[in-house]
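Biologist: Could you take me through the reading of a few features in turn, giving the general idea and then the case at hand?

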Amino acid sequence: MGLGDVTDMNLLFAIDNHVVDQLLTTLYSITVNTPNHTFDVYVIQKNKLKKTKKIMTFCHQLGLNYHPVILGETFLKDAPVTDRYPETIYYRLLAQEYLPSDMERILYLDVDILAINDLSKLYQLDLGNFLYAAASHSALSNNVTEPINKLRLGNYEAESYYNSGIMMLNLKAIRSNVKIDDIIAYINKNKMALFLPDQDVLNGLYGHQIKKIPDELYNFDARRSPLYYGLSNGKWDLDWVIQHTVILHFCGRDKPWKKDYHTRYAGLYKHYAYRAQNILQ
């Protein structure tokens with residue numbers, strides 16, 4: 001399916017058996033806040049997920065079309081895979097290899113996000129010749145890491161260092177430009193400099209071909225509300241976020257589904273998680 005009717009959206013996730021409930025929470029938040037759309041949900045998984053029946057029941061209840069993308073044991077037999085570079089780093093970079101060949105675009109999302117407003121504007125974004133659209137969190141660190149990342153990754157043309165947790169993929173352009181051989185060669189050449197392997201490879205190879213989108217709208221780092229408030233001179237307060245931010249991203253090790261998570265948006269996440277589980281009651 002291409003862009004076609006804008007009421008249709010393709011969504012992409014890559015998960016294992018440990019975060020199925022988080023996937024359902026994310027999907028619930030999307031369907032509630034992006035009404036009058038149909039969703040095709042593609043979930044990359046090495047082997048069939050143990051809770052497949054639960055996912056299928058949930059998607060059926062919400063009218064979502066579930067498409068498991070099961071890669072199997074040998075889909076990357078020639079790529080370098082180690083403890084530091086697990087094969088999961090390739091999933092997002094090679095999505096074009098195992099999605100329908102006529103699909104033109106898809107929205108990739110990590111499962112530690114909530115979509116609290118309508119995704120339509122992001123999904124319909126004009127990507128032009130860009131391979132991806134993604135947000136950067138560099139402004140939250142006063143851009144001091146930008147020169148370091150450009151030097152470390154060897155891509156001086158990139159406008160910024162992008163977070164790969166939320167990305168629009170221009171699949172038609174990606175199929176012509178993103179190649180497994182280039183990815184393997186880059187990893188082998190730069191492996192000592194890569195801290196976040198898949199995100200670093202994305203930025204190092206393709207950072208100059210990523211369209212920048214505002215993180216305060218599409219990749220709001222939920223840990224850093226005070227910094228957003230300061231950067232905006234008080235504009236991006238809690239009321240503004242609830243009204244305007246589309247995607248809250250719970251970056252970092254502390255996650256909102258844990259009992260000891262008590263930051264500003266903890267209650268909001270737990271509300272969506274509770275409602276999502278009630279779908280299955």
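Biologist: What is the phi of Asn233, and is the residue buried or exposed?

Modeller: Its phi is near 55°, a positive value in a residue other than glycine, and with a relative accessible area of 75% Asn233 is exposed; buried means under 20% relative accessible area, exposed over 50%, and partly exposed in between (1.4 Å probe, protein chains only). Asn36, in the loop between α1 and β2, also has a positive phi, near 60°, and is exposed, with a relative accessible area of 71%.

Biologist: What pLDDT does the protein average, and over which residues does pLDDT stay under 50?

Modeller: Where pLDDT is low, the predicted coordinates should not be read in detail. The protein averages a pLDDT (the predictor's confidence in each residue, from 0 to 100) of 89, and 86% of the residues score at least 70. Over residues 1-6 the value stays under 50, and for this stretch the model has 13 contacts beyond four places in sequence, a contact being heavy atoms within 4.5 Å.

Biologist: In what order do the strands of the open sheet lie?

Modeller: Strands of a sheet pair through backbone hydrogen bonds, either parallel or antiparallel. Here seven strands form an open sheet of mixed pairing, in the order β3-β2-β1-β4-β7-β6-β8, and two strands are taken to pair if DSSP finds at least two bridges between them. At the edges stand β3 (65-70) and β8 (210-213), each of which pairs on one side only. Between β4 (residues 105-109) and β7 (residues 162-170), which run antiparallel, there are five bridges, and Ile106 stands opposite Leu169 in β7. Helix α1 (residues 20-33) packs on this sheet, touching β1 (8-14), β2 (38-45) and β4, and its direction makes about 160° with that of β1; such angles run from 0 to 180 degrees between N-to-C directions, the axes being lines fitted to C-alpha atoms, for helices over the stretch in contact.

Biologist: How many residues does the largest nonpolar core have?

Modeller: In soluble globular proteins, nonpolar side chains tend to be buried together. The largest nonpolar core has 55 residues, and those with the most contacts inside it are Phe13, Ile15, Leu27, Leu107, Leu119 and Leu122; a core is a set of buried Ala, Val, Leu, Ile, Met, Phe, Trp, Tyr and Cys residues joined through side-chain atoms within 4.5 Å. Helix α1 gives the most to this core, with six residues. Apart from it lies another core, of 34 residues, including Leu71, Ala95, Met103 and Leu194.

Biologist: How many aromatic pairs does a search of the whole structure find?

Modeller: A pair of aromatic rings is described by the distance of the centres and the angle of the planes. The search finds eight pairs, where rings of Phe, Tyr and Trp (its six-membered ring) pair if their centres lie within 6.5 Å, and planes under 30 degrees apart count as stacked, over 60 as edge-to-face and the rest as tilted. The centres of Phe220 and Tyr265 are 6.1 Å apart and their planes stand at 80°, so this pair is edge-to-face. It links distant parts of the chain, with Phe220 in strand β9 (residues 220-221) and Tyr265, 45 residues apart from it, in the loop between β10 (247-249) and α12 (266-278). Both Phe220 and Tyr265 are buried, and together with Tyr228, Trp236 and Trp240 they form one aromatic cluster.

Biologist: Which residues are in contact with His137, leaving aside its neighbours within four places in sequence?

Modeller: They are Tyr161, Asn163, Asp215, Asn219, Asp221, Arg224, Tyr228 and Cys251. His137 itself is found in the loop between β6 (132-136) and α5 (146-153), and counts as buried at 13% relative accessibility.

Note on methods:
Residues are numbered from 1 along each chain as its sequence is written. Side-chain values use heavy atoms; hydrogens and water are left out. Helices (H or I, at least four residues) and strands (E, at least two) are DSSP runs, numbered from the N terminus.
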